[in-house]
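Me: I would like to learn how to read the features of a model like this one. Please give the general idea each time, then the case at hand.

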Amino acid sequence: MVNTALVIGGTRFIGRHVVDDLLDHDYEVAIFNRGNHQNPFEEREEVTHVEGDRRDDTDLKAAALSVTPDIVIDCVAYYPEDVRVATDVLSDVDGYAYISSGAAYGVEEIPKREGETELCECTDEQATDDSHDSYGPRKAEGDRAIFAAAEDGVNAMAVRPCIVYGPHDYTERLDYWIDRVLNHDRVVVPGDGQNLWHRAYVEDVASALRIVAEEGEAGEAYNVGDRRLVTMEEMVDLIADAADADVEVVHAGARELAAADLSPDDFILYREYPHVLDTNKLAALGWESTPLGEAMERTVAEHRESDRDGSEHDPGRDAEERVLGVLDTL
C-alpha cells in the first residue's frame with residue numbers, strides 16, 4: 001500500500017526538500033499552494049499539484065477531500081489561525097506536522113528544551129501581524145494551537161528548526177558568506193568568531209518533519225538542528241573546505257568595525273548570545289543529522305549553480321576593506 005502525503009507549500013526551500021524526502025521514502029505526494037512560484041516537480045508523475053489558498057477554508061477542505069492524505073506537512077502556517085483551521089480540517093489524518101521555529105522560545109537559556117524552556121507570549125495583535133518582530137510569538141501561538149488540537153484527539157505535532165541552510169535557500173543568509181569565501185581571500189568575521197547560532201541543514205529538517213509525522217507523539221514539539229554545532233569562524237572554515245578555497249578569517253571587534261560605521265549586527269548570522277537547541281528528543285525517534293562537511297559541500301555546489309550572492313545582507317565590501325586597513329595598521 002502506497003502512503004499519500006499532502007504538503008502545504010512544497011515548492012520553495014524547506015517544502016521543496018520535504019517533497020524530495022517523501023518521494024525518496026515511497027510516498028505519493030500532493031502539494032497544495034497558490035501556484036505563485038515555479039513548481040520544480042511539474043514533470044514528476046508522483047507529485048500532483050492542487051492549486052488553492054491555504055487561508056481559504058473552502059480551498060483547504062477541497063484539497064483534503066481530493067488527496068485524502070495519510071500525513072500532512074504544513075510548511076506555510078505563518079499565523080496561529082492557520083494552524084487552528086488546518087488541524088480542524090485535517091483532524092483525521094495519521095499525522096500532521098507543523099513547521100514552527102526555534103524563535104518560538106521566549107527566554108535565553110542554553111540549550112533550549114521542548115517542554116522546559118518558556119515560549120513567547122503572543123498578543124491578539126501579534127497573532128495577525130506580519131512583521132519580523134511578531135514571528136516568534138506567532139510561531140509559539142501556533143504551537144499552542146497544536147497542543148490544543150492534540151487534546152481534541154488530532155495527531156498533530158510541531159517541529160522547531162533553528163536557522164535553516166542548504167540548497168535553494170531564498171533567504172540567502174548563508175549565500176552571503178559563501179560568496180565572500182569564493183570571491184575574497186580575506187573574510188571579515190565580527191568579534192572573536194566564537195559566537196554560536198545553531199543552524200539546521202535543510203535536508204535534515206525535511207526528514208525530521210516526515211519522521212515526526214510518522215512517529216511523533218500528538219501534542220509534542222521537536223527541536224531540529226545540526227547535531228554538531230559550529231561557531232561562525234568554523235562555519236567559514238567549513239565553507240572554505242567545501243569550496244577548496246584558501247581564505248584568511250580576520251576578526252574585527254566593535255571598535256575596528258565602528259571605524260567603517262559598522263557593528264557586529266551588520267553581519268548576517270551573527271548573534272551575541274548563543275542560540276542552542278537540544279535535539280535529543282528528535283534523535284530518539286530515529287532521526288539523524290547529515291555530517292557537516294557533506295552538508296556544506298552540497299550547499300556550496302548548489303550555490304555555484306545559482307544566481308544568489310547574498311547581496312541584500314552585504315554590509316559593504318568597501319567598508320570591510322576599511323576595517324581591514326585599520327586592522328593592518330595595528
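Reply: Start with the record: the UniProt annotation "domain: NAD-dependent epimerase/dehydratase", from an unreviewed entry, covers residues 5-225. UniProt positions are given in the numbering used here, feature names are shortened, and annotations may be inferred rather than shown by experiment. This is a predicted model, in which local features need pLDDT of at least 70 and side-chain atom pairs count only at pLDDT 80 or more, while totals for chains, interfaces and linings use all residues. Residues are numbered from 1 along each chain as its sequence is written, and side-chain values use heavy atoms, with hydrogens and water left out.

Me: What are the helix and strand percentages over residues 5-225?

Reply: Helices (H or I, at least four residues) and strands (E, at least two) are DSSP runs, numbered from the N terminus. Over residues 5-225 the chain is 36% helix and 20% strand, with 23 Å between the end C-alpha atoms.

Me: How many residues does helix α7 have, and what length does it reach?

Reply: The expected span of a helix is 1.5 Å times one less than its number of residues. Helix α7 (residues 202-215) has 14 residues and reaches 20 Å from its first C-alpha to its last, close to the expected 20 Å.

Me: Why is α7 described as largely enclosed by the rest of the structure?

Reply: Buried means under 20% relative accessible area, exposed over 50%, and partly exposed in between (1.4 Å probe, protein chains only). Eleven of the 14 residues of α7 are buried, so the helix is largely enclosed. Among them are Val-202, Asp-204, Leu-209 and Arg-210.

Me: Which element gives the most to the lining of the second largest pocket?

Reply: On a 1 Å grid over the protein atoms alone, a pocket is an open set of points with protein on both sides within 12 Å along at least five of seven lines; a cavity is a set where a 1.4 Å probe fits but cannot get out, and lining residues have an atom within 4 Å of a point. Grid points are joined across faces, edges and corners, and a volume is the space filled by probe spheres set on the points. The second largest pocket holds about 260 Å³, and α7 gives the most to its lining, with six residues. Of the 16 lining residues, Asp-21, His-25, Glu-203, Asp-204 and Ser-207 lie nearest the centre.

Me: Which residue meets Glu-203 in a salt bridge?

Reply: A salt bridge is a side-chain nitrogen of Lys or Arg within 4 Å of a carboxyl oxygen of Asp or Glu. The partner of Glu-203 is Arg-298, at 2.6 Å from N to O. Glu-203 lies in helix α7 and Arg-298 in helix α11 (residues 292-305), so the pair ties together parts that are 95 residues apart in sequence. Glu-203 is partly exposed at 30% relative accessible area, and Arg-298 is partly exposed at 31%. The structure holds 24 salt bridges.

Me: Which residues line the second largest cavity?

Reply: Its lining includes Asp-169, Ile-178, Thr-299, Glu-302 and Arg-308, around a volume of about 40 Å³. α6 (173-183) and α11 each supply at least two lining residues. Arg-308 and Glu-302 form a salt bridge, with their closest N and O atoms 2.5 Å apart. Arg-308 is buried, at 13% relative accessible area, and Glu-302 counts as buried at 12%.
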